[in-house]
Amino acid sequence: MARMKFYCDAERCIECNACVTACKNEHEIPWGVNRRRVVTIKDGEAGERSLSVACMHCSDAPCATVCPVDCFYTTGDGIVLHDKDICIGCGYCFYACPFGAPQFPEEAAFASRGKMDKCTFCAGGPEEDHSSDETRKYGRNRLSEGKLPLCAEMCSTKALLSGDADVISDIYRKRVINRGASAFNWGVSFDNAKIKG
Amino acid sequence: MSEKLEKGLEVLRSEVDGKVKSFFSSCVNCGICAESCLFYTETLDPRYTPIYKTEPLRKLWRNEYSLWGKFTSAIGFAKPMTEADLSDWEELVYDGCSMCGRCSMVCPVGVDIAGMIFKVKHALSKAGISPEGLVDATQRAVDIGSPMGITLKTVQAMIKHVEADTGLKIPVDVEGADYLALLSSNEIALYPEYLESLAKIFDHAGVSWTLSSEAFEATNSGLQIGNKTIAGQLVERVVAGAEKLKVKTVISPECGHAYTALRWEGPNFIGKAFSFKVVHILELLDELQAAGRIKTSGKEAERLTFHDPCSIVRRGGIDAQPRNLLQPIAEDFVEMADHGNMNWCGGGGGVSTNERAEQLKLTAFNRKKSQIEETGAAAVVTACSNCRMVMEEGVETNEMDIELLGLTEMIAAHLEDRPAGQ
Amino acid sequence: MKIQTLLLLLCMMLPQFSQADGPPKKQTYPEGLLSLNPGGELWSDIRQRGDSVLDGTSQVKGVDSGILINASGVEWANFRVNELTTYSSIALAAVFVLIFLFFLIRGKVGIEGGLSGRMVKRFTDYERIVHWTLAVVFLFLAITGLILLLGRPLLIPLFGKEVFSLLASASKESHNLVGPLFLVSLLMMLFSFVRRNIYEKGDLTWLLKGGGFIGDGHVSGGFFNMGEKTWYWIVILIGLVVSVTGLILVMPIFGQGRIIMEIVHVIHVICALALIVVSIGHMYMGSVGTEGTLEGMKTGYVDINWADAHHDRWGKECHEKDLIISAEEYDKLVGTSSVNEADGSKTT
Amino acid sequence: MIENLIDGPLWYLSLAVFSLGVLWQLAAILFASRKPDLSVARGSAGSSAIKTVFSRFLPHREMRARIGIQYIAGYLFHLGLFALLFFAAPHVLFLEENLLGFGWTPMPHWAFIVSAQAAFLGLIILWLRRLMNPATRLISTRDDHIAALLTFVVMLTGCLALLEEFTALRLLHRFTVELWLIYFPFSTLMHAFTFVPSRAFTGAWFGRRGVDA
């Protein structure tokens, strides 16, 4: 069985935010909720890097550990999903998640947040595949149609990869080899490595 | 069902009107009336909560008029009233309520609690559940003409006395006089100064007035015991006397009960409007003073305060007059902290003639006592012989150094001397 | 248990301070290179293992949206699920066991000579309203809070996820709504009782004699004894901490980050548990634990023998000022005299 | 099944009982025969009636020290309840969709919560006072406690359903509201309507006598 993973190649991401836009559009996500975001570190300084981040579908997900109503479950593909019918919008998963993946439609006084929403790896929710309930609550279910998450599919530099962890690892491994593994040119640009892929 | 209960319920039913329905469906038992009632604040006995005193009427309303009562009796769950529901309340409404009406002023949903306690009193008296002392006094009022057993002879003796003292002629049975003056039993028995003062003031102001040998007694025991029928009979006497002498106006004495009975409830008791006007003596004096017909001289030097008799002020609307009258003759006049419409009763009122309630009455007086002491006044002026009597008793029992004065007498004492022959 | 959790708490906070305050290290690299191990250092910084928090920028605006990895989240989640739930269940169970043992050993603490029936006023209506308002609000918050804390291990196995989710949602929403009322009633409590709860000279004796728990006989006390005063200050001070932390938790609108929320949450839970545990003792002592105590909070009056036994200095004052009323008068004043009971439809 | 009952027939039943009951009560009050007062009036009954309807919203100066807490708690409760009843977003939406066909601007969520808190605090204090004060304890009837309890439960279930996501919680709230509506005309909850005629009657009575009630 596959273990679904995202991987974002910091050497390739150009902070175009296309993945964010694609996700919002595909799942018709309401205002204020961002299942995916691009974070730029050292913006404008030497060593600037961007990374696209969403739910990383952890093997031992802290959100699932801390959830007081136990609404998370991991699918056979290793995707961490949650049941919005169970979720009470307490926000604990947001505090526990290292990546800030859980999102809430509101952020108002007296902790009225609404139910949590997060990246589903384009795999919907516990409802019947492609049912209107599923689409309304979790967005499109691409995985059941044999498609990978749209964010990665759209990525113009192929920085964001999604799919079976083995496959992604292979791709990434090749890229690393192509870039060269020396400590002196790791992280240096493709050209400087003097290796053509 | 006993006869008393049947009669009581029948009378209570006749008293249920739109007002009663509205009042009882509004009351949320918030207990604010308790905080306004001197019988509660001085004893802290929860049974003296004003709205609790209306319980017989309220229970009847709950059983027979409320939607819930109609519903429960329709399914056969109604709990019928017993005689205890009436007789247990006899002490509360006769001893524990002076009908001062302060509760009616403060009720946040606007329930006229005092008005409904009167309805309960009415039903109890009709059913024969009243304190003996009051029943006897009422009987005397019907039989003899006065609750204190005062007859025409007593009055005539007093008239003679007053005439001798003042040198003025007291007009009796003068047909066509402008004003017919009435007296309360207290004023005949305890405070003859009142008649004397009237004679002096009217002579001074040149008022055409008379007493009636048939209708001299204004005290209404029927009102006090709550019996509207007897109250009506007593009012009829005054009406007959006034109509016989063809007077334009009847003067109610200082007595608060007399004023209520004549001015406000009388026409309703007898079922027809009066052919004459009724004024309270303070209203008349105020008018005369405003018209310049009463001229006073000199001022009382000691500190004075005024006790507002509930029936005259809160339930009679005569608030400004006593202050107008006191202003020119009082050097150092102070108001009590709660005065006018929100004045505290002195503990008398409807309870005054109920001997059984003596102790409770004195406890209730504590409120007045602290009120008077707060002002630091040396004398309390009032305008109701009943209040005056009750407070004198309280002052005496508590060994307070306070003098009680009638306002009319004070005016009489300060009349400007006229040149002889005028 | 408390010490351990506090230590853990400190551990959670320490890295934050060191990260914020630590001086940046100067490193030298071979010429032409910015960093010796660029990839490794980058990820180390992102995972917040280094000396400074790497705060990036993002087009997505939100709380902490520039932070790629929040390292404390997992720690907090594990602490909540393991330590907090375990130790709180143990503490709750322990307090019940302790009370039961105490009851077995001491039984109901009585008064020598029994109750006299002659009463003296202890609390006004307002004071009792304040006490019970606080009590009702506190109980409600305690129950809903415990449902949220312990529901997953204890209640989900009983009810299943669907039903428990309803209960948890209801608990969460009402806990957040009622929460601020705790602060309001706490302030009411603070103002109406503070004067009588200031420690004074005789209080130390009470402590030295173990509050009468050790040995027989009652210990001298004023209007409130040392134990009650301490309970009062526990309620006020810990209550204030619980209220303030609670407010921070329900007001996520001031941009407080996850780190703050995690720390505040832990403080909130620990303090609330401390209050719950001690309050169970208070409830026991105030009702079945001692004879004649509950009366004071119910009707506002206590038996004069009770006052003499538990609060002798105040009792003496009552004797001197002649504040004692007879049993009959007491019945009348609290509205339980026979006349009222004759009417069945009344007095619910 | 239960959902259909609560959202359907029971809702219409409770509305019918409420409106017919209230109308019947008001009719019984307003159309009952009243004997005309034959005495000569000193002041105007009508203007005093209107004035008293409003003046009784505030306590007399002389009473403030004694009943301050009740007035404060009373206002917290009543204002809070009215605000959340008529201006909470879900209520406005409900009234628009189910009853009126038009809506108005609801208040923001935080104001909704604050008014609910005020209402809760007020109701708790008022109820506790009812139990703590000997006078109110004596005069309170079963009806007063049921009315307070029902109102409390309605508010509580509303607060439990705040997330507006769980059907069961919404149904629970609506069911308690229906019970409350059915109980309303049979109880002292009627004071919400009858305080107006009561104050007016008493105001008129005092007004005739020239007293400022």
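Helices (H or I, at least four residues) and strands (E, at least two) are taken here as DSSP runs, numbered from the N terminus.

## Basis of the model

This is a predicted model, in which local features need pLDDT of at least 70 and side-chain atom pairs count only at pLDDT 80 or more, while totals for chains, interfaces and linings use all residues. Residues are numbered from 1 along each chain as its sequence is written, and chains are lettered from A and ligands numbered from 1 in the order in which they are written.

## Chain A

Chain A has six helices and six strands. Their order along the sequence is β-α-β-β-α-β-β-α-α-α-β-α. With a radius of gyration of 18 Å, close to the 16 Å given by the globule rule for 197 residues, chain A is as compact as a globular protein of that length. The radius is taken over C-alpha atoms, and the rule is 2.2 Å times the number of residues to the power 0.38. Along the principal axes, the C-alpha atoms of chain A fill a box of roughly 55 × 40 × 30 Å.

Buried residues amount to 45% of the 197 in chain A. A residue is buried if 20 or more other C-beta atoms lie within 10 Å of its own, exposed if 12 or fewer, and partly exposed in between, with C-beta atoms placed from the backbone. Two residues are in contact if their C-beta atoms, placed from the backbone, lie within 7 Å. Of the contacts in chain A with a separation of 6 or more, 53% join residues 24 or more positions apart.

## A:Met4

A:Met4 belongs to strand β1 (residues 4-8) of chain A. A:Met4 is buried because 23 other C-beta atoms lie within 10 Å. Leaving aside residues up to four places away in sequence, A:Met4 touches A:His57, A:Asp77, A:Gly78, A:Ile79, A:Phe121, A:Gly163 and A:Asp164. A:Phe121 is 117 residues from A:Met4 in sequence, yet the C-alpha to C-alpha distance is 8.2 Å.

## Chain C

Chain C contains 14 helices and four strands. Of its 348 residues, 33% are buried. Residues 24 or more positions apart make up 70% of the contacts in chain C with a separation of 6 or more.

An open sheet of three strands runs in the order β3(A)-β2(A)-β1(C), with antiparallel pairing. Its edge strands, each pairing on one side only, are β3 (49-53) of chain A and β1 (57-58) of chain C. Two strands pair if DSSP finds at least two bridges between them. Strand β2 (residues 37-41) of chain A is joined to β1(C) by two bridges, and these strands run antiparallel. Opposite A:Thr40 stands C:Thr57 in β1(C).
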